Amino acid sequence: EKVSVEVLDHLEHLALVDFRDSEGVERLQKAIQFADQLHEVNTDGVEPMDSVLEDRCLYLREDDVTEGNCIKELLENAREKVEEYFVAPPGNIPLPKLEEQDTFLQGS
Amino acid sequence: LAPWIPVVGLEIHAQISSNSKLFSGSQVQFAAPPNSLVSFFDASLPGTLPVLNRRCVEAAVMTGLALNCSINKKSLFDRKHYFYADLPAGYQITQQRVPIAVNGSLSYSLCTDNKMGQMVTKTVRIKQIQLEQDSGKSLHDDTRSQTLVDLNRAGVGLMEVVMEPDMCCGEEAAAAVRELQLILQTLGSSQAVMAEGQLRVDANVSVHHPGEPYGVRTEVKNINSMRFLAKAVDYEIQRQIEELESGGTILNETRAFDSKLGCTVPMRDKEGKQDYRFMPEPNLPPLILYDAKSLPANVNHQQVINIDWIHERLPDLPSVKREKLVEQYGILPEHSFTLLNEDGLAEFFETVVKQTQMKPKKVIGWILNDLLSYLNQHSLTVKESPVSSFLLADLLNLLEKKEISSTAAKRVLAELWKGEGKTPLEIVKEQKLELLQDQKELEQICQAVIDGQEKE
């Protein structure tokens with residue numbers, strides 16, 4: 001079962017991944033097939049595990065101020081800054097819709 | 001025309017009152033220099049991990065208990081993905097699958113229309129309370145077509161309180177939020193000051209005809225005060241009714257309240273329904289809470305949260321405080337609401353009562369009619385009152401002992417309000433307001449008046 005173009009396009013918008021070419025899409029398909037093997041196991045009556053940490057203790061930190069005050073280091077990597085603010089575009093710049101793109105997905 | 005039933009639900013975000021953030025040790029403080037309260041984790045630098053703040057969990061448990069919720073002994077953390085400049089990680093850590101508290105209720109009161117000042121009690125169901133991270137702040141600079149980002153708020157702990165759509169108008173929504181605010185402030189789990197963004201409310205509004213299914217709902221955001229909450233909800237209800245009655249449809253959209261125009265407008269940047277791709281937070285094990293029965297022996301107390309221990313230490317909630325005031329002092333329920341509604345007023349009232357022989361039922365009139373109206377006229381808080389509880393008690397004692405009349409007392413209060421440091425007795429003597437008790441003196445004055453009349 002192949003992954004549809006709509007789903008691939010949706011994923012590209014959501015995760016900003018670039019499937020780039022048929023090889024990228026094929027890799028995704030194989031990964032899904034690999035994971036689907038899990039369906040072969042009978043899990044009736046078994047609580048799903050969503051973390052291998054499920055038996056670990058969640059460490060609780062005391063409410064003390066121990067970090068912060070490192071503007072210089074934080075802003076070091078910023079391409080643009082204004083008076084110790086990070087600078088970003090005025091809003092999200094959405095990926096062009098599928099019809100407007102000139103990408104591999106459009107051709108498939 | 002068939003009647004419309006408006007339906008209002010609320011999602012309230014309350015900033016947790018703590019020294020440090022939910023998953024990091026940077027400080028929580030309002031109005032600090034931009035990006036000064038930001039750790040590497042808050043800025044989402046690679047290689048950093050979340051570490052849960054114990055105080056935030058306790059705040060959520062307290063709040064859940066105060067709202068009659070079931071506390072989930074096992075709750076989970078999830079990632080909610082979306083892109084925005086003030087969310088450096090590209091996801092928010094929240095509790096989508098199993099939140100910390102569920103199925104509670106909140107009782108609140110409204111004044112009925114009649115002039116008797118009677119109050120009616122309503123209840124709203126609390127669907128759940130979840131712990132989650134706050135995002136940073138975006139300052140939009142439209143002139144230079146850019147957004148400035150301050151991450152001081154990124155990672156601050158929030159409790160999201162979800163109220164079921166049991167309300168029907170702006171007044172109910174505002175009253176419910178006001179009561180929640182009082183509860184949070186009493187518990188200390190949040191200072192809940194709306195003006196500082198510590199309490200933010202989103203309203204879900206729809207309308208339908210009786211007997212028909214619920215209508216399409218809209219979400220109203222950007223409500224910055226209690227006053228605007230009622231206005232925004234009522235406007236949106238009206239807008240939807242008008243739209244539907246003129247044959248239009250309601251879009252399932254997010255709208256912002258424009259306080260200047262007093263209306264709701266569609267929000268930009270909300271393209272269609274968001275797919276948040278919720279997934280379990282892989283770096284955090286489940287959050288396990290204990291009670292007296294399940295508490296393991298030989299355990300490090302700093303690493304364990306006991307729900308029963310927290311329950312035993314809950315302070316009196318506003319509803320209990322009001323009942324006690326009514327019972328102890330014989331005042332009316334509406335009075336107890338006003339006393340608790342004004343920060344410090346209940347304490348002021350009780351201090352005055354302790355220091356005067358005047359009956360509390362009479363004292364309350366002076367507190368609510370005289371003192372409070374002065375405070376409101378001059379926009380002062382109880383703490384800023386130029387008339388202290390001692391001074392007022394002094395004055396009321398003079399009145400109670402019949403050394404001055406009620407009218408004179410009001411004049412003395414007006415003088416005391418100037419805050420010139422005079423005592424009530426000094427003002428009474430200055431303005432010669434003493435009630436004459438001497439029979440002979442009274443007879444002489446009356447006789448003089450009569451004589452004066454006869455001459456004319």
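The following is a conversation about how terms are applied to a two-chain predicted model.

Guide: This is a predicted model, in which local features need pLDDT of at least 70 and side-chain atom pairs count only at pLDDT 80 or more, while totals for chains, interfaces and linings use all residues. Residues are numbered from 1 along each chain as its sequence is written, chains are lettered from A and ligands numbered from 1 in the order in which they are written, and side-chain values use heavy atoms, with hydrogens and water left out.

Visitor: What makes up the surroundings of B:Met358, leaving aside its neighbours within four places in sequence?

Guide: Contact means heavy atoms within 4.5 Å, and on that rule B:Met358 is in contact with B:Val363, B:Trp366, B:Leu396, B:Leu399 and B:Glu400. From C-alpha to C-alpha, B:Met358 is 9.7 Å from B:Leu398, although the two are 40 residues apart in sequence.

Visitor: Why are A:Glu84 and B:Arg277 classed as they are for accessibility?

Guide: A:Glu84 has 39% relative accessibility and so counts as partly exposed, and B:Arg277, at 30%, therefore counts as partly exposed too. Neither is a glycine, yet A:Glu84 has a positive phi of about 70° and B:Arg277 has a positive phi of about 45°. A:Glu84 sits in the loop between β2 (81-82) and β3 (85-88) of chain A, whereas B:Arg277 lies in the loop between β15 (263-266) and β16 (279-280) of chain B.

Visitor: How do you know how many disulfides there are over all chains?

Guide: A disulfide is a pair of cysteine sulfur atoms within 2.5 Å, and by this rule the count over all chains comes to zero. For B:Cys69, the nearest cysteine sulfur is that of B:Cys56, 18 Å away, and B:Cys69 is in no disulfide. B:Cys263 is likewise in no disulfide, the nearest cysteine sulfur being that of B:Cys169 at 20 Å. B:Cys69 is buried, with a relative accessible area of 10%, and B:Cys263, at 14% relative accessibility, counts as buried as well.

Visitor: Why are β6 and β16 of chain B said to stand at the edges?

Guide: Two strands pair if DSSP finds at least two bridges between them. The open sheet of three strands has the order β6-β5-β16 in chain B, with antiparallel pairing. There β6 (91-94) and β16 each have a single partner strand, so one side of each is left without a neighbour in the sheet. Four bridges join β5(B) to β6(B), with B:Asp78 opposite B:Thr94 in β6(B), and two bridges join β5 (residues 78-81) to β16(B), where B:Met279 is the bridge partner of B:Arg79.

Visitor: What makes up the sheet that holds β2(A) and β9(B)?

Guide: An open sheet of four antiparallel strands runs β2(A)-β3(A)-β10(B)-β9(B), and its edge strands, β2 of chain A and β9 (137-141) of chain B, each pair on one side only. Two bridges join β2(A) to β3(A), and A:Val82 stands opposite A:Tyr85 in β3(A).

Visitor: How do you know how many salt bridges and polar contacts there are between chain A and chain B?

Guide: A salt bridge is a side-chain nitrogen of Lys or Arg within 4 Å of a carboxyl oxygen of Asp or Glu, and the count between chain A and chain B is zero. A polar contact is a pair of N or O atoms within 3.5 Å; within protein, one must be able to donate a hydrogen and the other to accept it, and residues adjacent in sequence count only if both atoms are side-chain atoms. That rule finds 21 residue pairs across the interface, both at pLDDT 80 or more.

Definitions and conventions:
Buried means under 20% relative accessible area, exposed over 50%, partly exposed in between (1.4 Å probe, protein chains only).
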